[in-house]
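The sequence and the structure come first.

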Amino acid sequence: MSDLTARLNALQQALQQRILILDGGMGTMIQSFKLEEADYRGARFADWSQDVKGNNDLLILTQPDKIAAIERAYLDAGADIIETNTFNATRVSQADYGMQELAYELNLEGARLARRVCDEKTAETPDRPRFVAGVLGPTSRTCSLSPDVNNPGYRNVTFDQLVEDYSNSTRGLIEGGSDLILIETIFDTLNAKAAIFAVQGVFEELGIELPIMISGTITDASGRTLSGQTTEAFWNSIRHAQPISVGLNCALGATELRPYLEELAAKADTHVSAHPNAGLPNAFGEYDETPEEMAVVVEEFAAAGFLNIVGGCCGTTPAHIQAIAEAVAKYPPRAIPQIAPACRLSGLEPFTITRESLFVNVGERTNITGSARFARLIREDNYSEALEVALQQVEAGAQIIDINMDEGMLDSKA
């Protein structure tokens, strides 16, 4: 049996036995070192043409001992799963520093570093192996929303660009020794779908399949992601990936996250994770919730049966993770519910069709074989007026829109 197969078997066993502990904030710990521009650059990038201070992923290459020390501190605090320091290790995000060509190397070396630290800890405690989650962050761009308020149709990144970028990063994470792939802090579900598509494509290409963890972020008290989806709609959108876990992280503190985590725990037929912030940020953008305060809230999550995996995000430290690990240790992991099969769709809100559902209205005017007007608008590239056809159907009561471009005279895929 290969080392990877043995670790994945051990992971499945551990998930059945207890609530697993994820690590805490990386940026929080990096800030504690008070690093300056020269520290970020190191010898290799001493003459780089742009400022690189703040590029925390670069520290994998220039300050690997400090990153390893942070990861080791989380393992000593009780973490079972260590996240690679690759949150911004995509070409899109590294372009802010002119370092897009480093993306693959950052993922490769980030995974290797975490693998080494986890293997050292496993050697100390062979009865409790530790696991590496290769992190794919959301990138600094959004595929669903326009950055230009005067041009709502404009996008500064395409789905295909994101797929190519995520594929490149995923190859590095796998080659570096990751046990899982964690697609996290999802504010735009379309970005996440690009990541899922990329990851599964790389699995097929390399002939290897790792478990996928998916974690979205509820951005405010509205209970929605930045691209507008509710928790259940988000789950419906990404459920096809068959993730080993789905969860929520960042943006909110544990107290504010509770109702959305409860909803996810009731709806998801897979493991559920949470890694909230240490409360809400104060006026200076810092997090004040102490390890003891956060552990009290998270313990209630465990007692209520919401959790399979728990850790921390912004503002959390090894002390927070230790307090959380001790608080949840006495509770069993959440039992995965049996969810009755149904047609579960998602727009901004979920739409579920069951045997008990009444008449469902499907709008057919956005079908070029069924509407001469819509076909003409598409052939003329008049998409704004074509969108109005869809809007009219929704306003007339359609719950589902049937969009069909399949016609002999069109490049339907395009």
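A residue is called buried when its relative accessible area is under 20%, exposed when over 50%, and partly exposed in between (1.4 Å probe, protein chains only). The model is predicted, so local features need pLDDT of at least 70 and side-chain atom pairs count only at pLDDT 80 or more, while totals for chains, interfaces and linings use all residues. Residues are numbered from 1 along each chain as its sequence is written, and side-chain values use heavy atoms, with hydrogens and water left out.

**Cysteines**

| Residue | Relative accessible area | Class |
|---|---|---|
| Cys118 | 0% | buried |
| Cys143 | 7% | buried |

The structure has zero disulfides, a disulfide being a pair of cysteine sulfur atoms within 2.5 Å. For Cys118, which is in no disulfide, the nearest cysteine sulfur belongs to Cys313, 18 Å away.

**Nonpolar cores**

A nonpolar core is a set of buried Ala, Val, Leu, Ile, Met, Phe, Trp, Tyr and Cys residues joined through side-chain atoms within 4.5 Å. The largest has 85 residues, and Ile181, Ile183 and Leu307 touch the most other members. Helix 9 (residues 189-206) supplies the largest share of this core, eight residues; helices are DSSP runs of H or I with at least four residues, numbered from the N terminus. A second, separate core has 15 residues, among them Phe131 and Met213.

**Helix 14**

In helix 14 (residues 372-379), the buried residues are Phe374, Ala375, Leu377 and Ile378. They line one face of the helix, because they fall within an arc of 165° seen down its axis, taken from the directions from the axis to the C-beta atoms. These residues pack against helix 15 (383-395), where contact means heavy atoms within 4.5 Å.

Definitions and conventions
Helix = DSSP H or I, 4+ residues; strand = E, 2+ residues; numbered from the N terminus.
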